[in-house]
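Hi everyone, thanks for coming. Let me put the structure up, and then I'll walk you through a couple of spots in it.

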Amino acid sequence: MDNELLKQCEQVAQVWATSEVFDDNTKNEVKAMLSNDDKSALIDSFYQTLEFGTGGLRGIMGAGTNRMNIYTVGAATQGLANYLNRNFADRDKISVVIGVDCRNNSDVFAKRVADIFAANGIYVYMFEDMRPTPEVSFAIRHLKCQSGVNITASHNPKEYNGYKAYWDDGAQVLAPHDKGIIEEVNKVRYEDVKTGGDAKYITIIGEDVDKAYIEAVKTLSIDPAVIERQKDLSIVYTPLHGAGMNMIPRSIKAWGFQNVNCVPEQMIKDGNFPTVVSPNPENAEALTLAVNLAKKINADIVMASDPDADRIAMACKDYKGEWQIVNGNQTLMIFLYYIIKNRSAKGMLQKSDFIVKTIVTTELVKKIADKYGIEMKDCYTGFKWIAREILVEEGKKKYIGGGEESFGFLAEDFTRDKDSVSACSLLAEICAWAKDQGKTLYDVLMDIYLEYGFSYNKAVNVVRPGKTGADEIKQMMENYRSNPPKELAGSPVKIIKDFKLLKSTCSCGKVCDLQMPDTSNVLQFYAEDGTKVSVRPSGTEPKIKFYIEVFAPMANVAEYNALCETADKKCTDILKSLGV
(Lines give C-alpha, C1' and ligand atoms only; values in the text may rest on other atoms or scores of the structure.)
Protein backbone atom coordinates (compact mmCIF):
# COMPACT_ATOMS: atom_id res chain seq x y z
CA MET A 1 0.00 0.00 0.00
CA ASP A 2 1.19 3.53 -0.83
CA ASN A 3 1.49 5.02 2.67
CA GLU A 4 1.81 8.56 1.37
CA LEU A 5 -1.39 8.21 -0.68
CA LEU A 6 -3.19 6.71 2.34
CA LYS A 7 -2.07 9.61 4.49
CA GLN A 8 -3.39 12.14 1.95
CA CYS A 9 -6.72 10.31 1.73
CA GLU A 10 -7.06 10.19 5.51
CA GLN A 11 -6.41 13.93 5.78
CA VAL A 12 -9.16 14.78 3.29
CA ALA A 13 -11.51 12.23 4.84
CA GLN A 14 -11.02 13.77 8.30
CA VAL A 15 -12.29 17.08 6.91
CA TRP A 16 -15.36 15.35 5.52
CA ALA A 17 -15.91 13.60 8.86
CA THR A 18 -15.81 16.80 10.92
CA SER A 19 -16.72 19.82 8.76
CA GLU A 20 -20.11 21.48 9.17
CA VAL A 21 -20.38 21.59 5.37
CA PHE A 22 -21.34 17.89 5.30
CA ASP A 23 -24.49 16.26 6.68
CA ASP A 24 -24.52 13.61 9.41
CA ASN A 25 -25.12 10.66 7.08
CA THR A 26 -22.08 11.63 5.03
CA LYS A 27 -19.93 12.11 8.13
CA ASN A 28 -20.92 8.71 9.51
CA GLU A 29 -20.14 6.99 6.20
CA VAL A 30 -16.68 8.59 6.13
CA LYS A 31 -16.00 7.75 9.79
CA ALA A 32 -16.80 4.11 9.04
CA MET A 33 -14.22 4.10 6.24
CA LEU A 34 -11.63 5.72 8.50
CA SER A 35 -12.12 3.15 11.25
CA ASN A 36 -12.10 0.14 8.89
CA ASP A 37 -8.84 -1.83 8.91
CA ASP A 38 -9.28 -2.36 5.17
CA LYS A 39 -8.47 1.06 3.67
CA SER A 40 -9.27 0.21 0.04
CA ALA A 41 -12.71 1.85 0.16
CA LEU A 42 -11.23 4.96 1.78
CA ILE A 43 -8.55 5.26 -0.88
CA ASP A 44 -10.96 4.70 -3.78
CA SER A 45 -13.34 7.29 -2.33
CA PHE A 46 -10.73 10.00 -1.68
CA TYR A 47 -7.62 9.41 -3.82
CA GLN A 48 -8.85 12.00 -6.31
CA THR A 49 -11.70 14.42 -6.91
CA LEU A 50 -14.31 12.97 -9.26
CA GLU A 51 -13.29 14.66 -12.47
CA PHE A 52 -15.71 16.95 -14.23
CA GLY A 53 -14.78 16.03 -17.77
CA THR A 54 -16.10 17.17 -21.13
CA GLY A 55 -19.16 14.93 -20.61
CA GLY A 56 -19.76 15.95 -17.00
CA LEU A 57 -19.52 13.53 -14.09
CA ARG A 58 -19.98 9.79 -13.74
CA GLY A 59 -19.06 7.61 -10.79
CA ILE A 60 -20.08 5.28 -8.00
CA MET A 61 -22.51 6.81 -5.51
CA GLY A 62 -21.32 7.37 -1.94
CA ALA A 63 -19.38 9.70 0.32
CA GLY A 64 -16.03 11.08 -0.81
CA THR A 65 -14.37 13.35 -3.32
CA ASN A 66 -14.28 10.56 -5.91
CA ARG A 67 -17.94 9.65 -5.54
CA MET A 68 -21.29 10.87 -6.84
CA ASN A 69 -23.03 12.67 -3.97
CA ILE A 70 -24.84 15.97 -3.35
CA TYR A 71 -21.50 17.70 -2.70
CA THR A 72 -19.63 16.68 -5.85
CA VAL A 73 -22.82 17.25 -7.86
CA GLY A 74 -23.27 20.59 -6.08
CA ALA A 75 -19.74 21.76 -6.87
CA ALA A 76 -20.20 20.82 -10.54
CA THR A 77 -23.46 22.75 -10.69
CA GLN A 78 -22.01 25.82 -9.00
CA GLY A 79 -19.16 25.84 -11.48
CA LEU A 80 -21.57 25.49 -14.41
CA ALA A 81 -23.77 28.26 -12.96
CA ASN A 82 -20.74 30.56 -12.62
CA TYR A 83 -19.79 29.91 -16.23
CA LEU A 84 -23.33 30.49 -17.50
CA ASN A 85 -23.67 33.76 -15.59
CA ARG A 86 -20.35 34.93 -16.98
CA ASN A 87 -20.88 33.72 -20.54
CA PHE A 88 -24.45 35.02 -20.88
CA ALA A 89 -24.06 38.16 -18.75
CA ASP A 90 -25.80 40.25 -21.41
CA ARG A 91 -29.05 38.26 -21.22
CA ASP A 92 -32.01 39.24 -19.06
CA LYS A 93 -32.81 35.58 -18.42
CA ILE A 94 -30.62 32.49 -18.36
CA SER A 95 -32.43 29.17 -18.29
CA VAL A 96 -31.61 25.47 -18.11
CA VAL A 97 -33.43 22.13 -18.43
CA ILE A 98 -32.99 19.39 -15.84
CA GLY A 99 -33.82 15.76 -16.58
CA VAL A 100 -33.45 12.51 -14.66
CA ASP A 101 -33.53 8.79 -15.31
CA CYS A 102 -34.65 5.95 -13.05
CA ARG A 103 -31.47 5.59 -11.00
CA ASN A 104 -31.29 5.63 -7.25
CA ASN A 105 -30.71 9.19 -5.96
CA SER A 106 -31.36 10.74 -9.39
CA ASP A 107 -34.30 12.72 -8.00
CA VAL A 108 -32.24 13.81 -4.97
CA PHE A 109 -29.41 15.04 -7.18
CA ALA A 110 -31.84 16.76 -9.59
CA LYS A 111 -33.51 18.71 -6.79
CA ARG A 112 -30.09 19.77 -5.51
CA VAL A 113 -29.08 20.92 -9.00
CA ALA A 114 -32.33 22.89 -9.44
CA ASP A 115 -31.91 24.57 -6.06
CA ILE A 116 -28.33 25.64 -6.82
CA PHE A 117 -29.22 27.06 -10.23
CA ALA A 118 -32.13 28.97 -8.67
CA ALA A 119 -29.84 30.30 -5.92
CA ASN A 120 -27.60 31.64 -8.69
CA GLY A 121 -30.48 33.44 -10.43
CA ILE A 122 -30.81 30.90 -13.24
CA TYR A 123 -34.27 29.76 -14.33
CA VAL A 124 -34.94 26.03 -14.32
CA TYR A 125 -37.29 23.88 -16.40
CA MET A 126 -37.40 20.60 -14.51
CA PHE A 127 -39.14 17.48 -15.82
CA GLU A 128 -41.83 16.17 -13.47
CA ASP A 129 -40.45 12.63 -13.65
CA MET A 130 -37.88 10.62 -15.59
CA ARG A 131 -37.63 11.29 -19.31
CA PRO A 132 -35.41 9.95 -22.11
CA THR A 133 -32.05 11.68 -22.46
CA PRO A 134 -32.88 12.76 -26.05
CA GLU A 135 -36.01 14.53 -24.82
CA VAL A 136 -33.84 16.60 -22.47
CA SER A 137 -31.73 17.59 -25.48
CA PHE A 138 -34.90 18.38 -27.45
CA ALA A 139 -36.31 20.47 -24.57
CA ILE A 140 -33.19 22.65 -24.40
CA ARG A 141 -33.69 23.60 -28.04
CA HIS A 142 -37.50 23.73 -27.83
CA LEU A 143 -37.49 26.05 -24.80
CA LYS A 144 -34.49 28.04 -26.11
CA CYS A 145 -32.42 27.42 -23.00
CA GLN A 146 -28.73 28.12 -22.62
CA SER A 147 -27.79 24.83 -20.99
CA GLY A 148 -29.11 21.65 -19.44
CA VAL A 149 -28.24 18.87 -17.04
CA ASN A 150 -29.34 15.26 -17.16
CA ILE A 151 -28.85 13.12 -14.06
CA THR A 152 -28.01 9.70 -15.45
CA ALA A 153 -25.27 7.11 -15.62
CA SER A 154 -26.67 5.70 -18.85
CA HIS A 155 -26.07 1.93 -18.98
CA ASN A 156 -23.59 1.69 -16.09
CA PRO A 157 -24.18 -0.75 -13.19
CA LYS A 158 -26.68 0.20 -10.47
CA GLU A 159 -23.96 1.56 -8.15
CA TYR A 160 -23.30 4.45 -10.54
CA ASN A 161 -24.91 7.77 -11.28
CA GLY A 162 -23.86 10.65 -13.47
CA TYR A 163 -24.28 14.25 -14.54
CA LYS A 164 -24.37 15.17 -18.24
CA ALA A 165 -23.97 18.84 -19.12
CA TYR A 166 -25.50 20.28 -22.31
CA TRP A 167 -25.12 23.55 -24.18
CA ASP A 168 -27.70 25.73 -25.95
CA ASP A 169 -27.68 23.63 -29.14
CA GLY A 170 -28.91 20.63 -27.14
CA ALA A 171 -25.59 18.79 -27.46
CA GLN A 172 -23.19 17.81 -24.72
CA VAL A 173 -20.67 20.57 -24.13
CA LEU A 174 -17.74 20.97 -26.53
CA ALA A 175 -14.89 23.46 -26.93
CA PRO A 176 -14.42 26.16 -25.94
CA HIS A 177 -17.17 25.88 -23.33
CA ASP A 178 -16.11 22.46 -22.05
CA LYS A 179 -12.72 23.71 -20.87
CA GLY A 180 -14.26 26.95 -19.58
CA ILE A 181 -16.78 25.04 -17.47
CA ILE A 182 -14.12 22.64 -16.18
CA GLU A 183 -11.98 25.60 -15.07
CA GLU A 184 -14.92 27.08 -13.17
CA VAL A 185 -15.81 23.75 -11.56
CA ASN A 186 -12.23 23.22 -10.43
CA LYS A 187 -12.28 26.58 -8.63
CA VAL A 188 -15.33 25.71 -6.53
CA ARG A 189 -14.96 24.69 -2.89
CA TYR A 190 -17.84 22.83 -1.28
CA GLU A 191 -18.50 25.78 1.02
CA ASP A 192 -18.86 28.06 -2.05
CA VAL A 193 -21.98 26.27 -3.30
CA LYS A 194 -25.07 28.48 -3.11
CA THR A 195 -28.34 26.88 -1.99
CA GLY A 196 -31.78 28.05 -0.87
CA GLY A 197 -32.93 29.26 -4.29
CA ASP A 198 -36.29 30.98 -4.70
CA ALA A 199 -38.96 28.56 -5.98
CA LYS A 200 -40.10 31.17 -8.53
CA TYR A 201 -37.05 30.25 -10.61
CA ILE A 202 -38.20 26.62 -11.00
CA THR A 203 -40.90 25.50 -13.47
CA ILE A 204 -42.03 21.88 -13.69
CA ILE A 205 -42.48 20.64 -17.26
CA GLY A 206 -44.03 17.51 -18.76
CA GLU A 207 -46.83 16.90 -21.25
CA ASP A 208 -46.39 20.08 -23.31
CA VAL A 209 -42.81 19.13 -24.13
CA ASP A 210 -43.74 15.44 -24.50
CA LYS A 211 -46.33 16.26 -27.15
CA ALA A 212 -44.00 18.53 -29.13
CA TYR A 213 -41.25 15.91 -29.01
CA ILE A 214 -43.51 13.06 -30.15
CA GLU A 215 -44.82 15.19 -33.03
CA ALA A 216 -41.28 16.04 -34.11
CA VAL A 217 -40.20 12.39 -34.00
CA LYS A 218 -43.18 11.39 -36.15
CA THR A 219 -41.88 13.59 -39.01
CA LEU A 220 -39.00 11.12 -39.46
CA SER A 221 -41.21 8.43 -40.98
CA ILE A 222 -40.10 7.80 -44.56
CA ASP A 223 -42.91 5.48 -45.67
CA PRO A 224 -46.18 5.94 -43.72
CA ALA A 225 -48.00 3.83 -46.32
CA VAL A 226 -46.02 0.72 -45.46
CA ILE A 227 -46.86 1.24 -41.77
CA GLU A 228 -50.55 1.38 -42.63
CA ARG A 229 -50.26 -1.93 -44.48
CA GLN A 230 -48.29 -3.56 -41.64
CA LYS A 231 -49.79 -1.78 -38.63
CA ASP A 232 -50.31 -5.16 -36.88
CA LEU A 233 -46.55 -5.86 -36.85
CA SER A 234 -45.92 -7.69 -33.57
CA ILE A 235 -43.46 -5.65 -31.50
CA VAL A 236 -41.94 -6.54 -28.12
CA TYR A 237 -40.32 -3.68 -26.20
CA THR A 238 -38.54 -3.37 -22.86
CA PRO A 239 -37.28 -0.20 -21.15
CA LEU A 240 -35.11 -2.20 -18.70
CA HIS A 241 -36.88 -0.39 -15.81
CA GLY A 242 -35.85 2.96 -17.25
CA ALA A 243 -36.88 6.23 -18.83
CA GLY A 244 -38.21 4.86 -22.11
CA MET A 245 -41.23 3.09 -20.63
CA ASN A 246 -43.74 5.82 -21.46
CA MET A 247 -42.36 7.75 -24.42
CA ILE A 248 -41.18 4.87 -26.63
CA PRO A 249 -44.46 2.89 -26.76
CA ARG A 250 -46.26 6.21 -27.18
CA SER A 251 -44.08 7.18 -30.14
CA ILE A 252 -44.35 3.78 -31.86
CA LYS A 253 -48.13 3.95 -31.57
CA ALA A 254 -48.13 7.55 -32.84
CA TRP A 255 -46.41 6.26 -36.00
CA GLY A 256 -49.38 3.94 -36.54
CA PHE A 257 -48.36 0.60 -35.02
CA GLN A 258 -51.09 -1.08 -33.01
CA ASN A 259 -49.47 -4.22 -31.62
CA VAL A 260 -46.84 -3.05 -29.11
CA ASN A 261 -46.19 -5.56 -26.31
CA CYS A 262 -44.15 -4.32 -23.34
CA VAL A 263 -42.30 -6.66 -20.95
CA PRO A 264 -44.39 -6.24 -17.78
CA GLU A 265 -41.66 -7.10 -15.26
CA GLN A 266 -39.42 -4.37 -16.71
CA MET A 267 -42.11 -1.68 -17.03
CA ILE A 268 -41.46 -0.85 -13.37
CA LYS A 269 -39.22 2.11 -12.50
CA ASP A 270 -36.37 0.68 -10.42
CA GLY A 271 -32.78 1.87 -10.08
CA ASN A 272 -31.72 -1.53 -8.75
CA PHE A 273 -32.55 -3.15 -12.12
CA PRO A 274 -33.71 -6.38 -10.42
CA THR A 275 -34.46 -8.38 -13.58
CA VAL A 276 -31.05 -8.04 -15.25
CA VAL A 277 -27.43 -8.65 -14.33
CA SER A 278 -26.56 -5.35 -16.00
CA PRO A 279 -28.88 -2.71 -17.54
CA ASN A 280 -26.64 -2.49 -20.60
CA PRO A 281 -28.40 -3.44 -23.85
CA GLU A 282 -25.00 -4.27 -25.32
CA ASN A 283 -25.19 -7.43 -23.19
CA ALA A 284 -27.47 -10.10 -24.67
CA GLU A 285 -28.61 -11.14 -21.19
CA ALA A 286 -30.47 -7.85 -20.77
CA LEU A 287 -32.90 -8.91 -23.53
CA THR A 288 -33.70 -12.33 -22.06
CA LEU A 289 -37.19 -11.48 -20.78
CA ALA A 290 -38.05 -9.62 -23.98
CA VAL A 291 -36.98 -12.56 -26.15
CA ASN A 292 -38.95 -14.96 -23.96
CA LEU A 293 -42.07 -12.84 -24.49
CA ALA A 294 -41.37 -12.67 -28.22
CA LYS A 295 -41.20 -16.46 -28.40
CA LYS A 296 -44.47 -16.73 -26.51
CA ILE A 297 -46.42 -14.42 -28.83
CA ASN A 298 -44.43 -15.12 -32.03
CA ALA A 299 -43.36 -11.48 -32.36
CA ASP A 300 -41.69 -9.95 -35.41
CA ILE A 301 -39.12 -7.84 -33.56
CA VAL A 302 -37.65 -7.28 -30.10
CA MET A 303 -36.38 -3.84 -29.13
CA ALA A 304 -34.96 -2.41 -25.91
CA SER A 305 -33.70 0.89 -24.56
CA ASP A 306 -31.17 1.45 -21.78
CA PRO A 307 -32.06 3.19 -18.46
CA ASP A 308 -31.86 6.74 -19.85
CA ALA A 309 -33.40 5.68 -23.18
CA ASP A 310 -30.76 6.94 -25.55
CA ARG A 311 -29.42 3.57 -26.74
CA ILE A 312 -31.38 0.95 -28.68
CA ALA A 313 -30.87 -2.80 -28.84
CA MET A 314 -32.74 -5.27 -31.02
CA ALA A 315 -33.19 -8.97 -31.71
CA CYS A 316 -34.74 -10.77 -34.68
CA LYS A 317 -35.40 -14.30 -35.90
CA ASP A 318 -32.92 -15.97 -38.22
CA TYR A 319 -33.75 -18.50 -40.96
CA LYS A 320 -34.13 -21.26 -38.38
CA GLY A 321 -36.59 -19.18 -36.39
CA GLU A 322 -34.07 -18.67 -33.59
CA TRP A 323 -33.77 -15.24 -31.99
CA GLN A 324 -30.48 -13.46 -32.64
CA ILE A 325 -29.13 -10.29 -31.03
CA VAL A 326 -28.24 -7.61 -33.58
CA ASN A 327 -24.95 -5.99 -32.56
CA GLY A 328 -24.24 -2.26 -32.51
CA ASN A 329 -22.41 -2.10 -35.82
CA GLN A 330 -25.14 -4.10 -37.54
CA THR A 331 -27.74 -1.80 -35.95
CA LEU A 332 -26.11 1.27 -37.49
CA MET A 333 -25.77 -0.45 -40.87
CA ILE A 334 -29.45 -1.40 -40.94
CA PHE A 335 -30.63 2.10 -40.03
CA LEU A 336 -28.44 3.92 -42.56
CA TYR A 337 -29.08 1.32 -45.28
CA TYR A 338 -32.83 1.81 -44.89
CA ILE A 339 -32.70 5.61 -44.66
CA ILE A 340 -30.42 6.08 -47.67
CA LYS A 341 -32.03 3.39 -49.86
CA ASN A 342 -35.60 4.51 -49.20
CA ARG A 343 -34.95 8.25 -49.31
CA SER A 344 -33.38 7.54 -52.71
CA ALA A 345 -36.33 5.42 -53.86
CA LYS A 346 -38.77 8.19 -52.94
CA GLY A 347 -36.69 10.95 -54.54
CA MET A 348 -35.91 12.48 -51.14
CA LEU A 349 -32.13 11.95 -51.22
CA GLN A 350 -30.09 15.06 -51.98
CA LYS A 351 -26.40 15.54 -52.77
CA SER A 352 -26.18 17.79 -49.73
CA ASP A 353 -27.27 14.95 -47.40
CA PHE A 354 -24.63 13.46 -45.13
CA ILE A 355 -24.23 10.78 -42.48
CA VAL A 356 -21.81 10.45 -39.55
CA LYS A 357 -20.14 7.54 -37.78
CA THR A 358 -17.44 7.31 -35.14
CA ILE A 359 -13.90 6.20 -35.99
CA VAL A 360 -14.30 2.88 -34.14
CA THR A 361 -17.49 1.95 -36.02
CA THR A 362 -17.75 -0.40 -39.03
CA GLU A 363 -16.32 0.75 -42.34
CA LEU A 364 -19.18 -0.92 -44.27
CA VAL A 365 -21.21 2.22 -43.62
CA LYS A 366 -18.91 4.15 -45.95
CA LYS A 367 -19.52 1.63 -48.73
CA ILE A 368 -23.26 2.23 -48.47
CA ALA A 369 -22.80 6.00 -48.52
CA ASP A 370 -20.38 5.84 -51.46
CA LYS A 371 -22.79 3.81 -53.60
CA TYR A 372 -25.44 6.54 -53.29
CA GLY A 373 -23.00 9.44 -53.56
CA ILE A 374 -23.62 10.57 -49.99
CA GLU A 375 -20.89 12.08 -47.81
CA MET A 376 -19.89 10.15 -44.72
CA LYS A 377 -18.07 11.95 -41.91
CA ASP A 378 -15.90 10.24 -39.29
CA CYS A 379 -15.69 11.61 -35.77
CA TYR A 380 -14.55 10.64 -32.30
CA THR A 381 -16.50 8.30 -30.03
CA GLY A 382 -19.28 10.08 -28.19
CA PHE A 383 -22.42 11.66 -29.56
CA LYS A 384 -21.24 15.17 -28.80
CA TRP A 385 -18.89 14.76 -31.77
CA ILE A 386 -21.73 13.69 -34.06
CA ALA A 387 -23.69 16.70 -32.78
CA ARG A 388 -20.70 18.88 -33.64
CA GLU A 389 -20.76 17.70 -37.25
CA ILE A 390 -24.47 18.57 -37.44
CA LEU A 391 -23.77 22.03 -36.01
CA VAL A 392 -20.85 22.70 -38.37
CA GLU A 393 -22.98 21.89 -41.42
CA GLU A 394 -26.20 23.52 -40.17
CA GLY A 395 -27.83 25.57 -42.94
CA LYS A 396 -25.44 24.15 -45.56
CA LYS A 397 -25.96 20.39 -45.61
CA LYS A 398 -28.65 18.06 -44.27
CA TYR A 399 -27.89 15.43 -41.65
CA ILE A 400 -29.96 12.28 -42.29
CA GLY A 401 -28.52 9.86 -39.73
CA GLY A 402 -25.53 8.74 -37.76
CA GLY A 403 -24.35 6.68 -34.85
CA GLU A 404 -21.78 4.57 -33.12
CA GLU A 405 -21.11 0.90 -32.49
CA SER A 406 -22.28 1.13 -28.87
CA PHE A 407 -25.98 1.01 -29.87
CA GLY A 408 -26.45 4.76 -30.26
CA PHE A 409 -28.31 6.17 -33.28
CA LEU A 410 -29.75 9.57 -34.17
CA ALA A 411 -32.04 10.02 -37.16
CA GLU A 412 -32.82 13.71 -36.65
CA ASP A 413 -31.24 17.12 -36.13
CA PHE A 414 -33.89 18.58 -33.80
CA THR A 415 -32.29 16.48 -31.04
CA ARG A 416 -28.53 16.48 -30.54
CA ASP A 417 -27.95 13.27 -28.62
CA LYS A 418 -28.55 9.64 -29.49
CA ASP A 419 -32.24 8.88 -29.44
CA SER A 420 -33.87 5.51 -28.80
CA VAL A 421 -37.36 7.04 -29.08
CA SER A 422 -36.93 7.90 -32.75
CA ALA A 423 -34.73 4.83 -33.31
CA CYS A 424 -37.34 2.38 -31.96
CA SER A 425 -40.04 4.05 -34.06
CA LEU A 426 -37.87 3.92 -37.18
CA LEU A 427 -36.92 0.31 -36.45
CA ALA A 428 -40.60 -0.61 -36.41
CA GLU A 429 -40.96 1.02 -39.85
CA ILE A 430 -37.93 -0.90 -41.17
CA CYS A 431 -39.46 -4.17 -39.99
CA ALA A 432 -42.79 -3.22 -41.59
CA TRP A 433 -40.98 -2.44 -44.85
CA ALA A 434 -39.23 -5.81 -44.73
CA LYS A 435 -42.45 -7.69 -43.91
CA ASP A 436 -44.20 -5.90 -46.76
CA GLN A 437 -41.71 -7.68 -49.06
CA GLY A 438 -42.06 -11.01 -47.28
CA LYS A 439 -38.77 -10.46 -45.45
CA THR A 440 -37.55 -10.16 -41.86
CA LEU A 441 -35.00 -7.83 -40.29
CA TYR A 442 -32.53 -10.71 -40.53
CA ASP A 443 -33.10 -10.80 -44.29
CA VAL A 444 -32.32 -7.08 -44.46
CA LEU A 445 -29.04 -7.64 -42.62
CA MET A 446 -28.08 -10.48 -44.97
CA ASP A 447 -28.96 -8.30 -47.98
CA ILE A 448 -26.47 -5.71 -46.73
CA TYR A 449 -23.66 -8.29 -46.41
CA LEU A 450 -24.38 -9.77 -49.83
CA GLU A 451 -24.31 -6.35 -51.46
CA TYR A 452 -21.43 -4.72 -49.57
CA GLY A 453 -19.34 -7.63 -48.24
CA PHE A 454 -19.04 -9.41 -44.91
CA SER A 455 -17.66 -7.59 -41.90
CA TYR A 456 -17.19 -8.95 -38.37
CA ASN A 457 -16.78 -6.66 -35.40
CA LYS A 458 -15.67 -7.59 -31.91
CA ALA A 459 -15.27 -5.31 -28.91
CA VAL A 460 -13.19 -6.44 -25.95
CA ASN A 461 -13.17 -4.55 -22.65
CA VAL A 462 -10.32 -5.02 -20.21
CA VAL A 463 -11.55 -3.77 -16.82
CA ARG A 464 -9.06 -2.36 -14.32
CA PRO A 465 -10.87 -0.66 -11.40
CA GLY A 466 -9.48 1.76 -8.83
CA LYS A 467 -6.24 3.75 -8.66
CA THR A 468 -4.00 0.82 -9.60
CA GLY A 469 -6.26 0.02 -12.54
CA ALA A 470 -6.12 3.59 -13.85
CA ASP A 471 -2.31 3.46 -13.70
CA GLU A 472 -2.25 0.12 -15.54
CA ILE A 473 -4.51 1.40 -18.33
CA LYS A 474 -2.29 4.45 -18.75
CA GLN A 475 0.78 2.24 -19.01
CA MET A 476 -0.88 -0.01 -21.60
CA MET A 477 -1.53 2.98 -23.87
CA GLU A 478 2.05 4.18 -23.46
CA ASN A 479 3.34 0.73 -24.37
CA TYR A 480 1.24 0.57 -27.56
CA ARG A 481 2.60 3.99 -28.59
CA SER A 482 6.24 3.18 -27.94
CA ASN A 483 6.08 -0.42 -29.17
CA PRO A 484 3.15 -0.81 -31.62
CA PRO A 485 2.30 -4.26 -33.02
CA LYS A 486 4.10 -5.24 -36.22
CA GLU A 487 1.35 -7.64 -37.31
CA LEU A 488 -2.28 -8.51 -36.58
CA ALA A 489 -2.94 -12.25 -36.77
CA GLY A 490 -0.07 -12.57 -39.24
CA SER A 491 -1.02 -9.66 -41.49
CA PRO A 492 1.57 -6.84 -41.42
CA VAL A 493 0.44 -3.51 -39.94
CA LYS A 494 0.59 -0.90 -42.71
CA ILE A 495 -0.89 2.21 -41.05
CA ILE A 496 -0.88 3.48 -37.46
CA LYS A 497 -3.12 6.40 -36.52
CA ASP A 498 -2.44 8.22 -33.27
CA PHE A 499 -5.25 10.63 -32.45
CA LYS A 500 -3.40 11.96 -29.42
CA LEU A 501 -0.62 13.20 -31.69
CA LEU A 502 -2.92 13.62 -34.71
CA LYS A 503 -0.44 11.70 -36.87
CA SER A 504 -0.88 8.83 -39.32
CA THR A 505 2.24 6.76 -39.95
CA CYS A 506 2.56 4.40 -42.91
CA SER A 507 4.82 1.32 -42.86
CA CYS A 508 6.78 2.99 -45.67
CA GLY A 509 7.71 5.76 -43.21
CA LYS A 510 5.41 8.47 -44.55
CA VAL A 511 3.75 10.58 -41.82
CA CYS A 512 0.56 12.57 -42.42
CA ASP A 513 -1.51 14.89 -40.24
CA LEU A 514 -4.94 13.73 -39.10
CA GLN A 515 -7.62 16.38 -39.58
CA MET A 516 -9.67 16.27 -36.40
CA PRO A 517 -11.17 19.06 -34.24
CA ASP A 518 -9.21 18.00 -31.15
CA THR A 519 -6.86 15.33 -29.86
CA SER A 520 -8.08 12.08 -28.31
CA ASN A 521 -6.30 9.20 -26.59
CA VAL A 522 -7.03 6.68 -29.36
CA LEU A 523 -4.73 4.44 -31.39
CA GLN A 524 -5.70 2.62 -34.59
CA PHE A 525 -3.83 -0.12 -36.42
CA TYR A 526 -4.66 -1.12 -40.00
CA ALA A 527 -3.31 -4.36 -41.46
CA GLU A 528 -2.67 -5.24 -45.09
CA ASP A 529 -5.64 -7.66 -45.16
CA GLY A 530 -8.03 -4.85 -44.20
CA THR A 531 -8.18 -5.63 -40.49
CA LYS A 532 -8.78 -2.56 -38.34
CA VAL A 533 -8.10 -2.32 -34.60
CA SER A 534 -8.90 0.67 -32.41
CA VAL A 535 -7.68 1.01 -28.83
CA ARG A 536 -8.88 3.60 -26.32
CA PRO A 537 -9.44 3.98 -22.59
CA SER A 538 -13.09 4.50 -21.64
CA GLY A 539 -13.96 8.05 -20.63
CA THR A 540 -16.69 6.92 -18.23
CA GLU A 541 -15.66 3.52 -16.87
CA PRO A 542 -12.44 1.90 -15.51
CA LYS A 543 -11.62 -0.04 -18.66
CA ILE A 544 -9.58 -0.03 -21.84
CA LYS A 545 -11.48 -0.91 -25.02
CA PHE A 546 -10.34 -2.83 -28.09
CA TYR A 547 -12.46 -2.62 -31.26
CA ILE A 548 -11.65 -5.17 -33.96
CA GLU A 549 -13.05 -5.37 -37.50
CA VAL A 550 -12.18 -8.07 -40.03
CA PHE A 551 -13.50 -8.53 -43.55
CA ALA A 552 -14.26 -11.38 -45.96
CA PRO A 553 -16.22 -11.89 -49.18
CA MET A 554 -19.67 -13.48 -48.78
CA ALA A 555 -21.17 -15.26 -51.78
CA ASN A 556 -24.39 -16.49 -50.19
CA VAL A 557 -26.30 -16.43 -46.92
CA ALA A 558 -25.41 -20.04 -46.12
CA GLU A 559 -21.81 -18.92 -45.53
CA TYR A 560 -22.71 -16.40 -42.81
CA ASN A 561 -22.36 -18.54 -39.66
CA ALA A 562 -19.11 -20.13 -40.81
CA LEU A 563 -17.70 -16.71 -41.68
CA CYS A 564 -18.59 -15.49 -38.19
CA GLU A 565 -16.81 -18.46 -36.57
CA THR A 566 -13.68 -17.99 -38.67
CA ALA A 567 -13.65 -14.24 -38.02
CA ASP A 568 -14.06 -14.74 -34.28
CA LYS A 569 -11.06 -17.08 -34.19
CA LYS A 570 -9.10 -14.48 -36.10
CA CYS A 571 -10.06 -11.86 -33.49
CA THR A 572 -8.56 -14.13 -30.80
CA ASP A 573 -5.31 -14.24 -32.77
CA ILE A 574 -5.39 -10.45 -33.20
CA LEU A 575 -5.74 -9.99 -29.44
CA LYS A 576 -2.69 -12.23 -28.96
CA SER A 577 -0.78 -9.95 -31.35
CA LEU A 578 -1.77 -7.09 -29.03
CA GLY A 579 -0.73 -8.96 -25.90
CA VAL A 580 -4.29 -9.15 -24.55
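Let's start with a pairing: Ile-495 has Tyr-526 as its bridge partner in β21. Before going on, please keep in mind that this is a predicted model, where local features need pLDDT of at least 70, side-chain atom pairs count only at pLDDT 80 or more, and totals for chains, interfaces and linings use all residues. Residues are numbered from 1 along each chain as its sequence is written, and side-chain values use heavy atoms, with hydrogens and water left out.

Strands here are DSSP runs of E, at least two residues, numbered from the N terminus, and two of them pair if DSSP finds at least two bridges between them. Strand β18 (residues 491-498) runs antiparallel to β21, joined by five bridges. β21 also pairs with β22 (residues 532-537), again antiparallel, over four bridges; there, Phe-525 has Val-533 as its partner. Four residues lie between the strands of the β21 and β22 hairpin, and Gly-530 takes a positive phi near 95°.

So why is β21 described as largely enclosed by the rest of the structure? Because five of its five residues, 523-527, are buried, meaning under 20% relative accessible area with a 1.4 Å probe, protein chains only. Leu-523, Phe-525 and Ala-527 point one way, Gln-524 and Tyr-526 the other.

Now, my other spot: Asn-150, in strand β4 (residues 147-151). Asn-150 counts as buried, at 0% relative accessibility. Beyond its neighbours within four places in sequence, Asn-150 is in contact (heavy atoms within 4.5 Å) with residues including Gly-99, Thr-133 and Tyr-163. Its side chain also reaches the backbone nitrogen of Val-100 at 3.4 Å.

Methods: Buried < 20%, exposed > 50% of the residue type's maximum accessible area, 1.4 Å probe, protein only. Polar contact = N/O pair within 3.5 Å; in protein donor to acceptor, adjacent residues only side chain to side chain.
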